[in-house]
Amino acid sequence: RQLPSVGHFSDTVTFIFKKINTMRTYALLAAAAFGLCRSSEDDPETAKLRTAAGVDLSDPMTSFSSVEDVIEKYVPGTEKEQVLRVLYGNMAKKMQVPESLQKTADRLNFQVKLETLAGNAFREEMREPNVLRVGLIQNTIVKPTTASVKEQYEGLENRMSDLIDAAGEMGVNVLGLQEAWTMPFAFATREKGKWLEFAENPVDGRSVEFIKRKAKQWGMVIVSPILERDPKHQEKIWNTAVVVSSRGVVLGKHRKNHIPRVGDFNEATYYLEGNTGHPIFETEFGKIAINICYGRHHPLNWLGFALNGAEIVFNPSATVGALSEPMWPLEGRTAAVANTYFVASNNRVGTETFPNEFTSADGKAAHKDFGHFYGSSYVAGPDASRSSSLTRLRDGVLAVDVDLNQIRQVREKWMFQMTARYEMYEDLLKAYNSEGFEPQIVRDPALVPTSRRAAVSGSARGAAFNADPAVASSEGREEL
């Protein structure tokens, strides 16, 4: 369907946001993502390359590939440039993916993107550019959740090997994998047994040994989120990210600081809040940190990594469209701005269906899946710039060049750290955490005291405040 004529930039922005949020536009979005149609019957080879096996095409959530695709196809050139400026700042510039790698990606059905944000830093006289290539991987599960633990893990390891190799061929220096990449995200089912068999030792577990080999093979640092079984503390379970150096050595781990208890995400059935604080891993390519999934909703969690000196914070996630997608493009980008570092956010893809139905005490009917994991992985810079997103519909590898010199440049321009008033917030938090805390509220003396509001009937309140102004200001208020 043709877009209506749009004459002004403001109209274009209004039009895009209005249309993306209406049911009528699903056909439009699908056309933007897939061309004329997305039916495998009409175009089986093309369709094969556009969606992953685990994506449910009957779900309205899967009706478009990315917002960028819609804008690219339907917004005119000059207006498109300005719309993207508002949405994405100094958006990353596209770079050419090696032809041989593109052919491999097409054959193995995953998306590859190579972009740069490095040009957003200016050239300094006293420091050489400090450019590195950040990589993100997003993927679906490979085997059905009814398969054995061994089959499911081996399928994922084989797929991850191809995706890591693609990142290596693009010259990625630091690579982030998605949350709990070694398994389906089974933490809604509240079933233990089989799903806890995916947990492993964070030093020499099966996926850790695999990642050590791949990191050494390509000379890259890899952030590998797993389900940890702690061998030193009664085999306690944690949601953990293991950091492996470019030499294939485990540098350390970080455990998820904030655990969700929202919707289907009943993760506290399996593990509780982490105890590793906000560690920074100093690597040959820069200082990196990991804010695992739900932690991105907590501003102080992002701040903790900033105070310890992070330059790049990875946000490995597993989140679905019905719950969090409007937040997704905002949180990583605003964290990068507020804390003056780079943020690399990735999310799994597809719909994972489990053998047994589950509910979440939210009144919804029992179901066997979370919904659609929407991918959309991206990298954000400290100046509000960001890369484009990977697709919402299939596996992908994103590589983005960043210049770490930009961190100091943005700090000195905007002075967020200098004007932060940490001592003021220290006093506030200390007071808040004390038993004698009293909120700092300046109350209008004309208001009814909070302690008496419940005792005042609606009719009495209405009678007093709807009376003659003179009465309401004296007798009526006095009566109340």
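Predicted model: local features only at pLDDT ≥ 70, side-chain atom pairs only at ≥ 80, totals over all residues.
Residues are numbered from 1 along each chain as its sequence is written, and side-chain values use heavy atoms, with hydrogens and water left out.

Let's start with the whole chain. Of its 480 residues, 50% are buried (under 20% relative accessible area, with exposed meaning over 50% and partly exposed in between, using a 1.4 Å probe and protein chains only). Contact means heavy atoms within 4.5 Å. Among contacts with a separation of 6 or more, 70% join residues 24 or more positions apart.

Now for the inside. A nonpolar core is a set of buried Ala, Val, Leu, Ile, Met, Phe, Trp, Tyr and Cys residues joined through side-chain atoms within 4.5 Å. The largest one has 53 residues, and Leu175, Phe185 and Val397 touch the most other members. Several elements supply at least two residues each, including helix 6 (99-108), strand 2 (111-116) and strand 19 (396-403). Helix 7 gives the most, with eight residues. There is also a second, separate core of 27 residues, with Val243, Ile290, Leu398 and Val400 among them. As background, nonpolar side chains in soluble globular proteins tend to be buried together.

Take a closer look at leucine 175. Beyond its neighbours within four places in sequence, its contacts include Ile137, Ile164, Met220 and Phe314.

Next, find helix 7 (residues 149-169) and helix 8 (residues 206-218), which pack at an angle of about 15 degrees with their axes 11 Å apart. Axes are lines fitted to C-alpha atoms, for helices over the stretch in contact, and angles run from 0 to 180 degrees between N-to-C directions. That angle makes helix 7 roughly parallel to helix 8 (under 35 degrees; over 145 is roughly antiparallel, 65 to 115 roughly perpendicular and the rest oblique).

Finally, visit glutamate 352, in the loop between strand 14 (349-350) and strand 15. Its relative accessibility is 1%, so glutamate 352 counts as buried. Leaving aside neighbours within four places in sequence, glutamate 352 touches Phe185 and Lys368, among others. Threonine 145 is 207 residues away from glutamate 352 in sequence, yet 7.5 Å away in space, C-alpha to C-alpha.

Key
Helix = DSSP H or I, 4+ residues; strand = E, 2+ residues; numbered from the N terminus.
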